[in-house]
Amino acid sequence: MNRPHRADVRLVRWVVPFTVILLTTLFAGCESDDPVDPPSAPSLEAPQIDSVNVPTFWVYDSPDYRTISVAISFPPALEAAVKQQDVPAPNVFIIFESQDGIAPSVQFQLLDDGGGPTIPNPFDFMDNHSGDLVPLDLTYSLRINALFASSEGEVTMRVMAGWPLSSDSTTMTMLPPEILQVEINSAPVIESFVHSDSLYAGFEAEEWTARVDDADIPAGDAVEQVEVQLIRDGDTVRNLLMAKSSQRIWTFALEPTFAAGLPTAEYTINLTAIDRYDQPATPYESIVWFENSAPILSGLVAPDTVYRPEGDEPNPYNMFINVADLQGQGDIRRVDYIPVDPNGHIPDNLDPFFFNDLGDMPDEVANDGIFSHQFAVYPDASNFGTYTFTITAHDRAGNDSESIVHMIELPSSGGKR
Ligand SMILES: [Ca+2]
Ligand SMILES: [Ca+2]
Ligand SMILES: [Ca+2]
Ligand SMILES: [Ca+2]
């Protein structure tokens with residue numbers, strides 16, 4: 001993302017104040033009431049640049065300030081003279097060179113002021129504290145942020161140290177420049193996200209497609225991860241990672257079973273992406289509606305007549321029922337029944353009124369959609385007549401199936417099975 005217009009404006013704004021600050025600095029080195037005595041002062045040898053501490057990786061447009069520092073040194077006698085302020089301290093400059101050679105370069109001074117008083121701040125990338133830790137220790141610092149870069153890419157930086165010009169014509173000594181490459185990193189950009197607005201129960205399998213680019217490496221190869229959050233009532237109910245399918249294109253495949261456990265509602269989709277430096281894209285927000293339908297019961301197999309046993313052992317009876325759900329078997333939470341005896345009461349039965357599809361007796365195959373249950377008639381059964389069994393399935397989204405009502409007769413003539 002190039003922003004040439006903003007860059008042009010900024011560079012013009014930089015140049016004028018810089019000229020002022022540079023000239024002020026150069027000529028402030030020798031105060032008129034404390035002149036340096038040339039014969040007694042050590043000779044002004046060129047400073048050595050001992051170390052340059054500049055982060056080479058910057059986040060494009062980030063306003064966070066970071067400290068850059070440069071340490072210099074000289075022969076001991078000269079260093080002592082500087083620290084005692086017998087000799088004005090050298091100046092240390094950094095120059096950002098324009099990449100196109102057309103815009104002017106930007107030059108600014110690092111300070112050895114111990115982080116002291118607020119400094120004039122002519123550039124919008126410069127903090128008004130130097131971040132320097134110790135005054136006059138020949139380590140110079142400044143805090144800047146990434147707004148020094150007017151566009152993404154590389155920035156050439158030169159470091160210079162030299163003696164200030166003074167009224168007695170001490171010449172300024174310049175070191176050969178050091179050239180650093182400053183990499184500017186931009187966040188990924190989510191360019192598009194394609195999905196259906198409404199996903200009805202049993203929808204056709206569909207693919208969500210996101211296009212995510214990042215200027216740092218061609219073809220979006222700097223993008224590391226694209227993630228989808230599904231949010232309802234402020235809660236994240238799903239967290240999905242998209243798969244990279246081709247250059248810049250990330251996909252996520254949805255089957256109808258995706259909606260298992262999701263109540264019918266509108267959901268917010270929050271799409272995020274990060275690059276290899278964990279730089280986040282501006283999230284992309286969208287809306288999708290999911291429908292979750294109730295389970296459907298069919299194919300009940302149950303006795304019409306049951307009998308009180310003749311002996312001491314209870315008479316067992318099995319029931320089987322098919323339960324289907326467009327969101328898949330995983331959406332079925334429970335299948336149960338309510339028995340009502342001939343007097344209109346729900347019996348105080350010791351057996352739980354649940355069907356199972358876990359393969360537990362009498363269920364033959366787990367997870368095949370056939371739910372099973374066994375109940376028993378005991379020798380002391382006395383409420384003869386017609387029982388009503390009302391069977392219902394419930395899904396994880398809170399839907400209840402239409403119930404199947406089945407009548408079972410318990411005749412008074414007991415004994416047979
Ligand atoms: Ca210092
Ligand atoms: Ca990037
Ligand atoms: Ca369902
Ligand atoms: Ca089964």
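Helices (H or I, at least four residues) and strands (E, at least two) are DSSP runs, numbered from the N terminus.

I noted that this is a predicted model, where local features need pLDDT of at least 70, side-chain atom pairs count only at pLDDT 80 or more, and totals for chains, interfaces and linings use all residues. Residues are numbered from 1 along each chain as its sequence is written, while chains are lettered from A and ligands numbered from 1 in the order in which they are written.

I looked up the overall make-up: the protein chain has 23 strands and 2 helices. Of its 417 residues, 25% are buried (20 or more other C-beta atoms within 10 Å of a residue's own, with C-beta atoms placed from the backbone).

Next I turned to one open sheet, whose 3 strands run in the order E1-E3-E6 with antiparallel pairing. Strands E1 (48-53) and E6 (139-144) are at the edges with a single partner strand each, so one side of each has no neighbour in the sheet.

I then checked the pairings. E3 (residues 66-73) pairs with E6 over 6 bridges, in the antiparallel sense, and Val-70 has Tyr-140 in E6 as its bridge partner. E1 and E3 are also antiparallel, over 5 bridges; here Ile-49 has Ile-72 of E3 as its bridge partner.

How many of the 6 residues of E1 are buried? I found 0, so E1 lies largely in the open.

Note on methods:
Buried ≥ 20, exposed ≤ 12 C-beta atoms within 10 Å, placed from the backbone. Pairing = 2+ DSSP bridges.
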